[in-house]
Every structure is written in structure tokens, then in C-alpha cells.
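Colleague: I am new to this structure, so please take me closely through one part of it, the aromatic rings and the surroundings they share with charged side chains.

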Amino acid sequence: MAPRQARTARRSQLGLSLIELLVGVAIGLIGILAMFQTLSVWSKHTQATASGGDAQIAGTLALFNIERDMKLAGLGFSQAASAVMGCTVTADDAALARAFQFRMRPVDIAASAGGAPDSITVVYGNSSFFATNETFNSATASTKRLVRRNGFKAGDLAIVAGNAIPASSASATCQLVEITDTDDPDGLTVGHTALNYVSFYAASAASGVPRYNLAAGTGATFTTGTMYDLGPQPRVNTWAIANSRRLERTDAIGGAAPFQLADGIINLKAQYGVDGPVANGRIEDAEWTNVAPADWTTVLAIRVAVLVRGQQFERNGDPAASVAAPLTAAAPTWAGGTFLMTNVDGTPDAFGPANADPNNWRYYRYRVYERVIPLRNMLWGTLP
């Protein structure tokens, strides 16, 4: 019994055979292969989901901010006459040593042909005193005598419009001024001098230097006209696509660097909704246009669309396809037409559907966000 037990003990100490080791390694490799395959599929779906989520956030954020701006469009000058609305406002910024101009329109669409990106400029004031405009019947280079001065405060910016030809739209001479004095004893005159003054909105009584007034003896000459009070912080915001992939907002009055709002926005389109020849109180399909109307009382809304591109380069994973096909076969569309598609780097499209190149726009996911935005201040300003 002793020799048999010894042989059994020695056999149990020999370990695994080569065949058993190979079988174990093969099983382990199969498990690792299955795990990596699962991880690859999971990673692909995760990246696609994350890319779609980023696109949704960017598109929603872009459209929300544009809509918010347009809901304020025209505040402070919505009742301007046709001869004034659309005039070119000249302005001088002493703080940044620059001269600039903008159109006195609630919304100014710079349309591009062929579905290329447009730019949209939105103009509005922020006065809290419900004094939008007043006529003046006498003036000097730095004062205006209004019919009523109520609501105009030192520190407000205002547009002075005069010398208009009544029968001609946008014919007025318009200038941006900064109100510095509302203490004239006549109770009617406001001043816009280049001298230091105390703003009504200042937290202390310290005086400041006016930023937007020209030196005495310069600027346009007015005898009669209208002043439009824009409040202390009006905006002239221009929305545009930068570097073929980013939505930016630039404020012409503030003069700061463009604010980068959202990445992945590759196109921006807009149209005016005009209650045209039919004049039935609503916008017909044929009444959407990218040409600014002469009569702004007929503009009821603006139609805006943004095109968002996901960041993930993808191929169609259809197993039945003989080759990897692109995700997007045709250019995306919106209610106003078809977007112009370019290479991802912004150059003209140079690829076909079979070119699986990261610079080919067809291998990315797209979403279109669009909305019809009523111009509330224009609608209220034209009420009888």
C-alpha cells in the first residue's frame, strides 16, 4: 500500500499538462476577445449618443439666445415712421477710439445666396421709463428741446433722427448720442455734450466721461426731428457663423470681442415674415422673404433656423452594405430651403458619397432647429 500511495502523491504534484494550459489560454483569449468586442460596440454607441447630446445642447442654446434677442427687437423705436425706420445710424466711441454704424431696424438680415450662412443683427433698447420717442422742435449741436422730457435720463443712449424726406423710407439722418443733462429749467431740453456728467444710473455721485458724444461743433446738424430713447445699455447684436463651426454674437455698441456661444453650429438662416399684398393678419407661405421691407409695420415675425453638426466621424454600420456608406446622403433642409454644405474645414465640397474622409460632411450627423419668432415690440408699436 505504501508504494502505491507514494506514486499517487508524486503524480498529484506534477501540475497541469501542456494541453491543459493551452486550453486555458484559448478560453481566456476567447473571453478577452468577447469583452473587447463588447467594449468596442459600447464605445461606438456611447460616442454617437454623446455627439448627439452635444449637438442638441448646442442647437437648443443657440436658438434660445437668438429667440430671446428677437423678442426684444425694436424696443425703444418700434413706432418710428417709415422715413426713419431703417436709417443708417452713425456713432462715435471715444472709449475705443472708433467710429461705427448700424441700421435702425429691429432685425437686419444679411442674406447669403445658395444656402450659405446668413448673419442677423438685432437692435433694441432697455429703458425702464416707457419713453420711447419724442419730437424736438429746436436744436443745437449738443442740445435738443423736446415736446416732453419725461423718461429721458442722464446716462441714456438715444438716436437723433431728422432731415427726413417724408415720402422716402429710411431717408432720415440718424446719430447716436449719450444724454448728459436733463436739468435745464425749461423742463424740456436734454443735452448730449462731451463734458463730464453724473449718470442717473450711477451708484455714486462721481462724474464720468461721456463715451458716445462727439466734440462740440462736429456731427450732423438738426433743426427738427425725433429722439428715440434706448436706455443706458442698448444692444446691437450681430449673430454669425465663425470659422464654419461656431455661432458668435458681437455687440456693435459695446465694442467687445465676439462672444462664442456654441460650437458645432455650421449654418444660420433667417427670413422676414411679411403680411404682404394679402394683408390678412397672417403670413402666407409666399410672404416669407430675406429682403427687408420698406414698410416695417407689415413685418410680423422672423423665421430662423440653425444647422448643428455632431463631432463624431461615423460610417453607416449596415452589415448588408458592401462598403461603408455615409450617414447623410443629402444636404439638410429647413422651411426656407436647403442648406449649403461644405467640407468640414469650411472649404467647398470636394467629396462624393463613397469618400470616407473625415473632411467629408456626409459622414456626420446633423440636426436642424428652427422657429418662427413674433416681433412683439413691432406688433405692439403698430396697435391703434
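Modeller: W334 and F339 are both buried, a word that stands for under 20% relative accessible area, with exposed meaning over 50% and partly exposed in between (1.4 Å probe, protein chains only). The model is predicted, so local features need pLDDT of at least 70 and side-chain atom pairs count only at pLDDT 80 or more, while totals for chains, interfaces and linings use all residues. Residues are numbered from 1 along each chain as its sequence is written, and side-chain values use heavy atoms, leaving out hydrogens and water.

There are 9 aromatic pairs in the structure. In one of them, the ring centres of F100 and F102 lie 6.5 Å apart with their planes at 20 degrees, so this pair is stacked; F100 is buried at a relative accessible area of 9%, and F102 is buried at 6%. The rings of W334 and F339 also have centres 6.5 Å apart, but their planes stand at 35 degrees, so that pair is tilted. Rings of Phe, Tyr and Trp (its six-membered ring) pair if their centres lie within 6.5 Å, and planes under 30 degrees apart count as stacked, over 60 as edge-to-face and the rest as tilted.

F129, F200 and Y201 form one aromatic cluster, and the charged end of K153 sits over the ring of F129, 5.0 Å from its centre. Likewise, the charged end of R309 sits over the ring of Y364, 5.9 Å from its centre; such a placement requires NZ of Lys or CZ of Arg within 6 Å of the ring centre and within 35 degrees of the ring normal.
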